[in-house]
Amino acid sequence: MAGGTETTILLVRHGESTDNVARRLGSLGPGAPLTDRGRAQARALALRLASRNVAAVYVSPLLRARQTAEILAATLGRGISTRDELREIGLGLTEGSTAESDIARVGAQYLRWLSGHLTEALDGDESGSDVVARMSATLATLASAHPGGTVVAVSHGGAIGLAVSMLADNVTDDYAMTHPLANCGVAEIVHSDGRWTLRSWSGDPDRAPHPGDLIDLVGRSDAEQVRARQGNAVAAVDVGGVPCVHVDIPQAWGPMRRSPNGPIFPPTRSSTRYATGLMREVRGHGRSRPGRSRSKPWPLAVCTYCAS
């Protein structure tokens, strides 16, 4: 590949499947089909990708991914090529299970991979390193086959999340831990000079993003900008006119606040207590701050990531 040439790969998670609805673990072929909702998700995505000048569509061998790819390819006017390496992560003895204990065990192993324990495997199935290696190899092959172009690769949430977290040089290895990819969500990665960069990571594609839809917008903003870090300090990004910040705290939620003329404060225990007071003010409860009317509360954003 010529130096500096950028190849874009749109990694697409398949649409909703019957196994998704039933909460059934499945990674072996042929696998579960799409639901009616899953087909609708794929049709909507196809329309959004129609302007991207996609050169080719590649797909995992599993049925839910192939059905998604067929819908995309029909709109994009491209054929489909199957790549076994795009399959979902191996699930070991939990394959086909709907037991909550097995779902929790798979989730725990996935989080351990994202925490750096890539040599571990689930019930003797493939390790995290195996998944990253096969995804890395096939993505590099696709990039070499389409220098300067854009291709679609339909895969699975687990495989995409682990691969992008480990391969992209502008996100941390645990990125997918707090950024789940919804059905028909897209992770856009760019290959140039032997390096991968995450350009965007979609939120829930079933919702139209708008200012104030912070779960969706902050997720995409995190993916698009490299956060400057120094100790516990983080850089804020302006999303839909609202200053938002990503912070590494154990809680599943993080508040922050801004005065009209003041700085941005990352959350601490004291600022969290202060933020709850501001929330009451915004909702019209409690007393207003001195010198400020209830009609003009301080802007407050509470951003939540849910790994469901």
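**Entry 1: a term before I start**

I take contact, or touching, to mean heavy atoms within 4.5 Å. I also keep in mind that I am looking at a predicted model.

With that term I turned to Glu16. I found that Glu16 touches Val21, Leu34, Thr35, Arg37, Gly38, Gln41 and Asn183, leaving out residues up to four places away in sequence.

**Entry 2: the whole protein**

I stepped back for an overview. I counted eight helices and 13 strands in the secondary structure of the protein. The protein has 308 residues, and 46% of them count as buried. I then looked at contacts between residues at least 6 apart in sequence, and 65% of these join residues at least 24 apart.

Is Glu16 buried or exposed? Its relative accessibility is 13%, and buried means under 20%, so Glu16 counts as buried.

I also checked a pair separated along the chain. Glu16 and Ala65 are 49 residues apart in sequence, and I read 9.8 Å between their C-alpha atoms.

Next I followed Glu16 to a partner. Its side chain and that of Thr35 are joined by a polar contact of 2.7 Å. Thr35 sits in the loop between α1 and α2. Thr35 counts as buried because its relative accessibility is 14%.

What lies 3.0 Å from a polar atom of the Thr35 side chain? I found the backbone nitrogen of Gly38 there. Setting aside residues up to four places away in sequence, I listed Glu16, Ser17, Thr18 and Val21 as the residues that Thr35 touches.

With 6% relative accessibility, Leu34 counts as buried. Leu34 touches Gly15, Glu16, Ser17, Arg39, Arg64, Gln67 and Thr68, again not counting residues up to four places away in sequence. I also noted Leu34 and Leu63, which are 29 residues apart in sequence and 8.1 Å apart in space, C-alpha to C-alpha.

Leu25 is in the loop between α1 and α2 as well. I read 14% relative accessibility for Leu25, so Leu25 counts as buried. Which residues does Leu25 touch, beyond those up to four places away in sequence? My list for Leu25 is Leu91, Thr94, Glu95, Gly96, Ser97, Asp102, Ile103 and Val106. The C-alpha atoms of Leu25 and Val106 are separated by 9.0 Å, and the two residues are 81 apart along the chain.

One more stop here was Pro30, also in the loop between α1 and α2. I found a cis peptide bond joining Gly29 and Pro30, with omega about -5°.

**Entry 3: α2 against α3**

I moved on to a helix pair. Two packed helices are described by the angle between their axes and the distance between the axes. For α2 (residues 36-49) and α3 (residues 63-76), I read an angle of about 35° and axes 9 Å apart. Their crossing is right-handed.

Which residues meet? On the α2 side I listed Arg39, Ala42, Arg43, Leu45, Ala46 and Leu49. On the α3 side they meet Gln67, Thr68, Ile71, Leu72, Thr75 and Leu76. Sorted by class, this contact has seven nonpolar, three polar and two charged residues.

**Entry 4: α3 by itself**

I checked the length of α3. Its 14 residues should span 20 Å at 1.5 Å a residue, and the end C-alpha atoms are 20 Å apart, which agrees.

The buried residues of α3 are Arg64, Ala65, Gln67, Thr68, Ala69, Ile71, Leu72, Ala73 and Leu76. What do they pack against? I found β1 (7-13), α2, β2 (56-59), β3 (80-82) and β4 (150-155). After α3 comes Gly77, with a positive phi near 70°.

Asp123 lies in the loop between α4 (100-114) and α5. I read a phi near 55° for Asp123, a positive value in a residue other than glycine. Asp123 is partly exposed, with a relative accessible area of 34%.

Cys184 lies in the loop between α6 (157-167) and β5 (186-192). Its phi is also positive, near 65°. Cys184 is buried, with a relative accessible area of 1%.

Notes
Residues are numbered from 1 along each chain as its sequence is written. This is a predicted model: local features need pLDDT of at least 70, side-chain atom pairs count only at pLDDT 80 or more; totals for chains, interfaces and linings use all residues. Side-chain values use heavy atoms; hydrogens and water are left out. Axes are lines fitted to C-alpha atoms, for helices over the stretch in contact, and angles run from 0 to 180 degrees between N-to-C directions. Helices (H or I, at least four residues) and strands (E, at least two) are DSSP runs, numbered from the N terminus. A crossing is left-handed if the near helix is turned anticlockwise from the far one by less than a right angle, and right-handed if clockwise. Ala, Val, Leu, Ile, Met, Phe, Trp, Tyr, Cys and Pro count as nonpolar, Asp, Glu, Lys and Arg as charged, and the others, Gly among them, as polar. The expected span of a helix is 1.5 Å times one less than its number of residues. Buried means under 20% relative accessible area, exposed over 50%, partly exposed in between (1.4 Å probe, protein chains only). A polar contact is a pair of N or O atoms within 3.5 Å; within protein, one must be able to donate a hydrogen and the other to accept it, and residues adjacent in sequence count only if both atoms are side-chain atoms.
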